[in-house]
Amino acid sequence: MAANTDDIRASVSKDIAALQQEVSRLQKMISAQGAEAYYEVRGRASKAYDEALPRAKNAVAQIRAEGAAAAGAAREHAAATTTALVLAGAVGFLIGYLLSGSSQPQPRHWWR
């Protein structure tokens, strides 16, 4: 019976060793695939960044130029700019006042 137990232990030990080798092989395979996927995604991201960078720089330059042009026009025509801003503010205030007055519920008194 002791020999039988030793045989079972030896067999289980062999199975465990084989499973450990298989797990090690699978880990190496997954690691290799992960590294390959990482470098592929990294390459795609780098390519997309390189393609988008000149367009982004161009857009920023255009926005700066338009902002400078608008600021220059506002400086040249300060009275017109001030009038337009005051008029826009007054129209906004009037619209807000009309909307707030129309949405007020009728007051209910406690004695009703």
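**Close-up 1. Glu40 and Arg44 pair up within helix α1.** In this predicted model, Glu40 and Arg44 sit four residues apart in helix α1, about one turn of the helix. The two side chains form a salt bridge, and their closest N and O atoms are 2.7 Å apart. Glu40 is partly exposed, with a relative accessible area of 41%. Arg44 has a relative accessible area of 57% and counts as exposed, because that value is over the 50% cut-off.

**Close-up 2. Glu22 and Arg25 form a salt bridge.** The structure holds two salt bridges, and here we look at the one between Glu22 and Arg25, where the closest N and O atoms are 2.5 Å apart. Both residues belong to helix α1, which covers residues 2-76. Glu22 and Arg25 are three residues apart, so about one helical turn separates them. What is the relative accessible area of Glu22? For Glu22 the value is 34%, which makes this residue partly exposed. Arg25 is also partly exposed, with a relative accessible area of 44%.

**Close-up 3. Tyr38 and Tyr39 make an aromatic pair.** How many aromatic pairs does a search of the whole structure find? The search finds one. The ring centres of Tyr38 and Tyr39 are 5.1 Å apart, and the ring planes meet at 70°, so the pair is edge-to-face. The label follows because planes over 60 degrees apart count as edge-to-face.

**Close-up 4. Four nonpolar residues form a patch on the surface.** Please meet the members: Leu87, Val91, Ile95 and Leu99. Together they have about 390 Å² of accessible area. One of them, Ile95, has its place in helix α2, which covers residues 78-102. Is Ile95 buried, partly exposed or exposed? Ile95 counts as partly exposed, with 47% relative accessibility.

Conventions: Residues numbered from 1 in each chain as written. Predicted model: local features only at pLDDT ≥ 70, side-chain atom pairs only at ≥ 80, totals over all residues. Heavy atoms only, no water. Helix = DSSP H or I, 4+ residues; strand = E, 2+ residues; numbered from the N terminus. Buried < 20%, exposed > 50% of the residue type's maximum accessible area, 1.4 Å probe, protein only. Patch = residues over 30% accessible without salt bridge, like charges linked within 9 Å, V, L, I, M, F, W, Y side chains within 5 Å. Areas by Shrake-Rupley, 256 points an atom, 1.4 Å probe, with all protein chains shown as cover. Phe/Tyr/Trp six-rings, centres within 6.5 Å; stacked < 30°, edge-to-face > 60°.
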